Amino acid sequence: MAMATAHPTARAPARWQDFLQLLKPRVMSLVVFTALTGLVAAERPVNPILGAVAILCIAVGAGASGALNMWYDADIDAKMRRTRGRPVPAGRVQGADALTLGIVLSLFSVMLMGMALNWLAAGLLAFTIVFYAVIYTMWLKRWTAQNIVIGGLAGALPPVIGWAAATGTAPLNAWLLCAIIFMWTPPHFWALSLYTSEDYQKAGVPMMPVVAGAASTRRQIWLYSLLFTPIAVAPAFTGLGGVAYLAVSGLGALVFLLLAWRLYRSHAGEAGGQRNDDGLYDVRAGARDARNLFAFSILYLTLLFATLLVEHLAGLPALEVF
């Protein structure tokens with residue numbers, strides 16, 4: 001089990017910023033953004049206060065998942081450059097406090113969602129928290145190289161939760177938004193892991209480059225990219241997206257495939273391709289193709305959901321295909 005105790009060199013009580021960091025605010029912002037898109041794309045009038053409550057519950061639930069993840073993963077976080085400064089491994093927050101925060105916020109978010117909106121949305125939120133904190137963090141992450149593939153479901157569910165909060169249902173288009181994030185996750189995180197594999201190896205995390213090697217990882221990134229890009233364009237043909245979405249998703253898909261192909265043909269992740277400091281984007285020349293795909297994948301997903309959000313907020317008509 002994870003060693004989730006405070007570092008013996010802890011010198012000062014935790015600040016509020018440390019507890020905020022436990023909630024993984026950057027991840028939370030993406031969760032809120034995609035959930036808001038799902039809520040708006042449902043095109044069902046929602047009381048603004050209830051809509052705000054739904055987004056708050058999803059944000060708090062995401063933060064709860066982050067706190068539980070940091071509690072359990074304190075031992076491996078301490079071994080990786082990218083995560084060793086987190087509050088628990090750095091000794092600024094006691095592991096028990098992170099665990100308590102995660103449990104309290106989980107219960108609060110799920111119960112409030114159920115009482116204020118509906119229990120379908122609450123059930124999906126509860127499933128997401130449990131899936132990320134238990135199935136992914138406690139099992140998949142340390143057991144299989146498919147951890148990101150299967151565990152990606154937790155990060156893909158927020159737009160479905162947002163849609164369910166607005167309508168009490170989860171139709172095909174809601175699950176299409178989920179599928180976009182789910183298929184985006186492997187090439188996104190495996191590109192990152194190609195230039196952070198030393199960290200994962202030290203921590204004993206079976207990330208794909210550590211288990212299967214860099215060449216196999218690059219090949220799988222290419223294959224997943226071929227699967228992901230048509231799904232990313234699909235909302236333009238299901239009545240969910242319009243002309244603007246078709247243009248953004250289509251052009252972005254071409255760039256995504258180009259970067260994935262360049263990564264496939266590169267030597268990223270092999271000798272000389274590792275990061276040489278703690279910077280997420282500062283890599284050696286051999287890893288730049290991995291860095292470029294990782295960075296663009298964030299931009300592409302943001303543009304996809306931003307375009308859908310703008311189209312539905314503006315009331316723009318869906319693309320008439322047939």
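The structure is a predicted model. The protein chain has 322 residues, of which 54% count as buried. Its secondary structure consists of 14 helices and zero strands. The search for salt bridges across the whole structure finds 10, whereas the count of disulfides comes to zero.

**Overall architecture**

- Read from the N terminus, the elements of the protein chain follow the order α-α-α-α-α-α-α-α-α-α-α-α-α-α.
- Considering contacts between residues at least 6 apart in sequence, 76% join residues at least 24 apart.
- The protein chain has an accessible surface of about 14,100 Å². Carbon and sulfur atoms account for 68% of that surface.
- Leu30 belongs to helix H2, which covers residues 25–41. With a relative accessible area of 32%, Leu30 is partly exposed, because the partly exposed class lies between the 20% limit for buried and the 50% limit for exposed.

- Arg81 and Glu198 form a salt bridge in which the closest N and O atoms are 3.9 Å apart. This pair links distant parts of the chain, with Arg81 in the loop between helix H4 (74–77) and H5, and Glu198 in helix H10 (residues 197–203). The two residues are 117 residues apart.
- Glu198 counts as partly exposed, at 33% relative accessibility.
- Arg218 and Glu270 also meet through their side chains in a salt bridge, with an N to O distance of 2.9 Å. Here too the pair links distant parts of the chain: Arg218 is in helix H12 (residues 214–233), and Glu270 is in the loop between H13 and H14, 52 residues apart.
- The two partners fall into separate accessibility classes: Arg218 is buried, with a relative accessible area of 5%, whereas Glu270 is partly exposed at 31%.

**Other salt bridges**

- Asp18 and Arg15 are joined by a salt bridge, their closest N and O atoms lying 3.6 Å apart.
- Asp18 is buried, with a relative accessible area of 2%, while Arg15 counts as partly exposed at 47% relative accessibility.
- A network of salt bridges links Asp73, Asp75, Lys141 and Arg142.

- Ser266 is placed in the loop between helix H13 (243–264) and helix H14 (288–313).
- Although it is a loop residue, Ser266 counts as buried, at 9% relative accessibility.
- A polar atom of the Ser266 side chain lies 2.7 Å from the backbone oxygen of Leu263.
- Setting aside residues up to four places away in sequence, Ser266 touches Arg218 and Asp289.

- The relative accessible area of Thr217 is 0%, so Thr217 is buried.
- A polar atom of the Thr217 side chain is 2.8 Å from the backbone oxygen of Gly213.
- Apart from its neighbours within four places in sequence, Thr217 is in contact with Trp190, Leu194, Met208 and Pro209.

**Cysteines**

- A disulfide is a covalent bond between the sulfur atoms of two cysteines.
- In this structure the number of disulfides is zero.
- Cys57 counts as buried, with 1% relative accessibility, and Cys178 also counts as buried, at 5%.

**A nonpolar surface patch**

- Met111, Met115 and Trp119 make a nonpolar surface patch of about 370 Å².
- Met111 is positioned in helix H5, which spans residues 95–116.
- With a relative accessible area of 39%, Met111 is partly exposed.

How values were computed:
Residues are numbered from 1 along each chain as its sequence is written. This is a predicted model: local features need pLDDT of at least 70, side-chain atom pairs count only at pLDDT 80 or more; totals for chains, interfaces and linings use all residues. Side-chain values use heavy atoms; hydrogens and water are left out. Patches are made of residues with over 30% relative accessible area and no salt bridge: like charges are joined within 9 Å, nonpolar side chains (Val, Leu, Ile, Met, Phe, Trp, Tyr) within 5 Å. Accessible areas come from the Shrake-Rupley method with a 1.4 Å probe; for residues, only the protein chains shown count as cover. A salt bridge is a side-chain nitrogen of Lys or Arg within 4 Å of a carboxyl oxygen of Asp or Glu. Helices (H or I, at least four residues) and strands (E, at least two) are DSSP runs, numbered from the N terminus. Buried means under 20% relative accessible area, exposed over 50%, partly exposed in between (1.4 Å probe, protein chains only). A polar contact is a pair of N or O atoms within 3.5 Å; within protein, one must be able to donate a hydrogen and the other to accept it, and residues adjacent in sequence count only if both atoms are side-chain atoms. Contact means heavy atoms within 4.5 Å. A disulfide is a pair of cysteine sulfur atoms within 2.5 Å.
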